[in-house]
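Subject: Structure handover

Hello,

Here is the structure you asked about. Please open it and keep it beside this email while you read.

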Amino acid sequence: PFSAVGSQPWIEVADVTSNFNLTTTPTILTGTSTPATNIVTVSGSGITYDPATGIFTFANAGSYSLSISVNCQAANAGQYVYWYAENNTGAGWVVNTNSGKSFQLVNNNRTQVFAANSVHRVAGQQVRYYFYASANNINVATTTLPSSTAIVPGIRIQYAG
């Protein structure tokens, strides 16, 4: 377990593409395909992220804090942004049934949709995330805060053990 690891596991992955539209087709967050094309990974230890496949791999079993945020805007009223996870513990990919998130957006308002969970991972477990929308006109964008160089990434995933 990572309680015995000298450096607690953590990782941060962000899509900092200036802007793109989500599609109605669930798409894995990767650095090589739309929607995500500009992935930045800041990593500590014990968790890796492969930008080519969108797969997080956990070296150690334990309970992790997970946060996901999407900085998005709908062009029309009544539209939603969605995401969910798939897990692979060695027997192939399986949808994590309880991982789904759904958020209705306010028309023409940029909204940072945020979800946080505590999750258990087994040693060697792999996880990947799918993002999509109820219509093809939901824009995801990285924005810079006023009077600052700090940014709000389009999509951001963080794990900490």
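First, a term: buried means under 20% relative accessible area, exposed means over 50%, and partly exposed lies in between (1.4 Å probe, protein chains only). The model is predicted, so local features need pLDDT of at least 70 and side-chain atom pairs count only at pLDDT 80 or more, while totals for chains, interfaces and linings use all residues. Residues are numbered from 1 along each chain as its sequence is written, and side-chain values use heavy atoms, with hydrogens and water left out.

Two loop residues

Ser147 is exposed because its relative accessible area is 85%. Ser147 sits in the loop between strand S14 (143–144) and strand S15 (151–152). Strands (E, at least two residues) and helices (H or I, at least four) are DSSP runs, numbered from the N terminus. Ser147 is not a glycine, yet its phi is positive, about 55 degrees.

Asn108 also has a positive phi, near 60 degrees, and is a residue other than glycine. Its loop lies between strand S10 (101–104) and S11. Asn108 counts as partly exposed because its relative accessible area is 47%.

Look at strand S16 (residues 155–160), where the side chains alternate. Ile155, Ile157 and Tyr159 point to one face and are buried.

Two strands pair if DSSP finds at least two bridges between them. S1 and S16 run antiparallel, joined by six bridges. In this pairing, Ala14 stands opposite Arg156. Strand S7 (residues 62–74) is also antiparallel to S16, again with six bridges. Here Ile68 stands opposite Ile157.

A buried charge

Asp15 belongs to strand S1 (residues 10–15). What is the nearest side chain of opposite charge to Asp15? It is Arg110, 11 Å away. Lys and Arg count as positive, Asp and Glu as negative; His and the chain ends are not counted. Asp15 is buried and has no salt bridge, which means a side-chain nitrogen of Lys or Arg within 4 Å of a carboxyl oxygen of Asp or Glu. The side chain of Asp15 does make a polar contact with the side chain of Thr17, at 2.5 Å. A polar contact is a pair of N or O atoms within 3.5 Å; within protein, one must be able to donate a hydrogen and the other to accept it, and residues adjacent in sequence count only if both atoms are side-chain atoms.

Best wishes
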